[in-house]
Amino acid sequence: MNPKPRLLTVLDIVTIILLLIATYMVFFYAPQEAVMGDVQRVFYFHVAAGWVGMLGFIGAAISGIIYLIKKDRKWDIVGLAAVEIGIVFIFINIVTGSIWARPIWNTWWTWDPRLTTATVMLLIYLAYLMLRQGIEDPDRRARFGAVYAIIGSLSVPLTYFSARIFRTIHPVVIGSGDPTATGSFDMTPMMTQAFMFSLFTFTFIFIDLFWHRIRLGQEADQIEQLRLKTME
Amino acid sequence: MLFSTFLQEGPANTTSFMIAGYAVIFGVMLLYLISLFVRQRNLQKDLEVLQDIQDEQE
């Protein structure tokens, strides 16, 4: 197996430090929201998790395009890594949104356009993993996966803009949303700083996990090839 | 009476929901890290087994 690069170890340490600072900012630096109370603090990592999820799915689509052009299996490994991380963080995004909604909307769940499109997006990418498991031939699996990831990525802008296009109760913090949204709030400068720092930190978390997951995929691929060679 | 009502004004007490939210965030991230670690360890074991088989074949 390839030894862990020194830069990856540095990235691990930087990411942990950033996460500790971001957590401190969320709990102690950002002020308590005047109406919602402490549950509003979920917003910082909730949005950041959504950002990472969408980065993952867009990354998978880009990897899919490159795979279809170059036919190099390493781009299939990259695409799978991106989807897996995207699923983990969109799951976090949806569950934390539901927890925030309980005291603010007085319900754990409602079939609002934003919540619905986010859930459909998650299901689309869970189906991507199921599709891959059903195909034996690695090249065919990579080709199908690439096409699926490209088409599936249409759900990303649909989810992002759903709260801006459709009539929704989901608040929009950046830009303007539906005026009837419930749970909207104006960010103070300290809240904005905590929010931007959370986005920055989660971008680092994405890069770090992405690198680790790609390495894992490469090692799994090497072992698969070694296994085939041994069986011959 | 009026004074006590006035004192109750302010943000809603939603701390338990915040704790639940962050428990999910850190819990899921930790589970994912553990899954990466376990898969890495399993691959290492598979590699050792395959290398042993290859050595025997040679």
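Helices here are DSSP runs of at least four residues (H or I), and they are numbered from the N terminus. Keep in mind while you look around that this is a predicted model.

**View 1. Chain A from end to end.** Chain A has seven helices and zero strands. Read from the N terminus, its elements go α-α-α-α-α-α-α. Its C-alpha atoms fill a box of roughly 70 × 40 × 25 Å along the principal axes. Of the 232 residues in chain A, 41% are buried. If you take the chain A contacts with a separation of 6 or more, 75% of them link residues 24 or more positions apart.

**View 2. The loop between H3 and H4 of chain A.** Here you'll find A:Asn106, which sits in the loop between these two helices. Its phi is positive, about 65°, although A:Asn106 is not a glycine. That's worth a second look, since most residues other than glycine have a negative phi. Is A:Asn106 buried or exposed? A:Asn106 counts as exposed because it has 9 C-beta neighbours inside 10 Å, and 12 or fewer is the cut-off for that label.

**View 3. The loop between H2 and H3 of chain A.** Now slide over to A:Lys71, in the loop that joins H2 and H3 of chain A. A:Lys71 is not a glycine, yet its phi is positive too, near 55°. A:Lys71 has 13 C-beta neighbours inside 10 Å, so it counts as partly exposed.

**View 4. Helix H5 of chain A and what covers it.** H5(A) runs over residues 138–152, 15 residues in all. From first C-alpha to last it reaches 20 Å, close to the 21 Å expected at 1.5 Å a residue. Which residues of H5(A) are buried? They are A:Ala142, A:Gly145, A:Ala146, A:Tyr148, A:Ala149 and A:Gly152. As you check their spacing, remember that an α-helix has 3.6 residues a turn, so residues three or four places apart point the same way. The cover over the buried residues of H5(A) includes H2 (42–70), H3 (74–105), H4 (113–133) and H6 (155–165) of chain A.

**View 5. The largest nonpolar core.** This core holds 61 residues, and those touching the most other members are A:Ala49, A:Val52, A:Val83, A:Ile85, A:Tyr125, A:Ala194 and A:Phe206. Two or more residues come from each of H1 (6–29), H2, H3, H4, H5 and H7 (189–231) of chain A, and also from H2 (15–57) of chain B. The top contributor is H3(A), with 17 residues. Zoom in on A:Ile85: leaving out residues up to four places away in sequence, A:Ile85 touches A:Val52, A:Gly56, A:Phe206, A:Leu209, A:Phe210 and A:Arg213.

**View 6. Where chain B meets chain A.** Chain B has two helices and zero strands, and 10% of its 58 residues count as buried. The contact between the chains takes 23 residues from chain B and 31 from chain A. On the chain B side, that splits into 14 nonpolar, seven polar and two charged residues.

**View 7. H3(A) packed against H2(B).** The axes of H3(A) and H2(B) lie 9 Å apart, at an angle of about 170°. So H3(A) is roughly antiparallel to H2(B), a label for angles over 145 degrees. Residues making the contact include A:Phe91, A:Val95 and A:Trp100 from H3(A), and B:Phe17, B:Val24 and B:Tyr32 from H2(B). Sorted by class, the contact has 13 nonpolar, two polar and one charged residues.

Technical notes
Residues numbered from 1 in each chain as written. Chains lettered and ligands numbered in written order. Predicted model: local features only at pLDDT ≥ 70, side-chain atom pairs only at ≥ 80, totals over all residues. Expected span 1.5 Å × (residues − 1). Buried ≥ 20, exposed ≤ 12 C-beta atoms within 10 Å, placed from the backbone. Contact = placed C-beta atoms within 7 Å. Nonpolar A, V, L, I, M, F, W, Y, C, P; charged D, E, K, R; others polar. Core = buried A, V, L, I, M, F, W, Y, C linked by C-beta atoms within 7 Å. Axes fitted to C-alpha atoms, helices over the stretch in contact; angles between N-to-C directions. Parallel < 35°, antiparallel > 145°, perpendicular 65-115°, else oblique.
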